[in-house]
Amino acid sequence: MAEPATRALRTDTMVLSMGPQHPSTHGVLRLELMTDGEVVQDAIPHIGYLHRNFEKYAENLTYPQIIPYTDRMDYIAAMNNELGFVLTVEKLLGRGPRPVEVPEKAEYIRVIVCELNRIASHLLAFGTYGLDIGAFTPFLYAFRDRETILELFEELSGARLLYNYIRVGGVARDFPPEFHHRLRRFLDYFAPQVDVYDTLLSNNKIFLERTTGIGVLGVDDCIQNGWTGPNIRGAGLAWDLRKEEPYSIYDRFDFAIPVGKNGDCWDRYMVRMNEMRESVKIARQALDQMEERGLLEDENFTANVRGTLRPPAGEIYMRTETPRGDLGYYIHSDGSDRPARVKVRSPCFTALSALRDMSRGLLIADVVAIIGSIDIVMGEIDR
Amino acid sequence: MTPEEIHDHLLDRFGGDVVTGLVQSDESDPKSPVIYDPAQSMIGASAIADVAMFCRDDDALRLDALMCLSALDRGAHLSVVYNLHSMAHGHVAALRVDVPRTAAVVPSVERVWTTASWHEREAHDLMGIAFSGHSDLRPLILPEGWEGYPLRKDYEAQEYYRGMKVPF
């Protein structure tokens, strides 16, 4: 006798382990997916595969020794990580008996390298997002142009990814001879390049189908989940620490804050594309102002920081705008040359924590689209 | 509002039994100042969830964003510091809870700010603070079955983890 049809067709939920080695997870992230056919019922992120306990290392190192370790958190935007840490230490030192005066030239160099690093980071996000969705070509364009930035950084700091360049009191090295010409040539080349990317991917019909209306998170939910940076701007809130709490010399530049409308994957992606244009504007203004103020000939690129750095005792929290959002450093100092505690508030960590609630009821392919759109770096999540 | 004004506002609402003090900078000796930026309102551990809910919902405070949740080891005490920010008013505040090292239990604030969920799991992993009422305190960053709390000052790594030598 034949089985009843209903019994033969009975389906069951299946556990699908995505990662830790999976190209679309941007590092070593494991997702435990409960699937009913193609529909995701639950997505549980498992993190910690890259955990080195940066915070414990920091307790055993002097302040300048910590800077290269900050590089290794978000290795895609190392300059921005360094700047956040250095500014926090400088702010604490500024309240003590021996404040550090950062020379004007160093401030401009810091802004330029951070904005270049933001472009490099967004290029990687753009290229790999294309790969996640199934478009290979944009990746090649993105990496070709990112390479030029990495070469400039190599010339400047000696390293391509992990720079140890921004130091307490200034930067490690001056611009090499004629460096500003090469910088300007790159900016002139790159500015129209973003339009090329738009024609390649942004308005592609398949890409639009895969990203519009997917992974929607409104402004209130973004705030509840601690989302910052391009992710919250994609939901339509013009929230940028470079404008809200201007640090370094960001109040001297004229730039817009790109925002999205609906808070879906496409909006978050598009915010990053537009931010590259704004970063070019900032870098150009910084170069112009350096020329006007005669800073290119100035050889004063770092304050004289002699002896051991001993910030005053106390606790301080400061945050800066990295390509991925608000990166905060909580430093507890006991007055010695090593911090008693350093806590890092990672923007990717909070972004990923919302993934579980967002994924319920979507297709497996949509989960991939969401992960790409929040642009996570596992090195910063696991620390 | 400044963190000091927010502290007074909390003191008016909850009284001195709950809001037990304000930890702030002391710059009277310019040679060795003590800096707290922002100043921290000390809250009794058992009341933190109520105070947090008030901070989020009170119209004058509207501290709707939890910027950072840090766990610290201060020797006899462990403490949790909540750095808050108001998107509506643009002001910041910091709450602080101290608990004895031997009984480190703090009520969870994940129902107030969703983002606290993972921050508390991280603090539980690395500093060994138990958050009562938390929906899911499984290890997040450390592997399943890891012994000890690495960020405590007296931490010593275990010799073997599942038969593997540590450090390998």
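In which sense do strands E3 and E6 of chain B pair, and over how many bridges?

1. They pair in the parallel sense over three bridges, with E3 covering residues 40-43 and E6 residues 92-100 of chain B. Within this pairing, B:Met42 stands opposite B:Arg96 of E6(B). Strands here are DSSP runs of E, at least two residues, and helices are runs of H or I, at least four residues, numbered from the N terminus; two strands pair if DSSP finds at least two bridges between them.

2. This is a predicted model, in which local features need pLDDT of at least 70, side-chain atom pairs count only at pLDDT 80 or more, and totals for chains, interfaces and linings use all residues. Residues are numbered from 1 along each chain as its sequence is written, chains are lettered from A in the order in which they are written, and side-chain values use heavy atoms, without hydrogens and water.

3. In chain B, five strands make an open sheet of mixed pairing, ordered E1-E3-E6-E5-E4. Its edges are E1 (19-23) and E4 (65-73) of chain B, each pairing on one side only.

4. Helix H2 (48-57) of chain B lies across E3, E5 (77-85) and E6 of chain B, at about 175° to E6(B). Helix H3 (116-127) of chain B packs on the sheet, touching E4 and E5 of chain B, and its direction makes about 10° with that of E4(B). Contact means heavy atoms within 4.5 Å; angles run from 0 to 180 degrees between N-to-C directions of axes fitted to C-alpha atoms, for helices over the stretch in contact.

5. In chain A, E2 (30-36) and E3 run antiparallel, joined by seven bridges. A:Glu32 has A:Ile44 of E3(A) as its bridge partner. Two residues lie between the strands of this hairpin, where A:Gly37 takes a positive phi near 65°.
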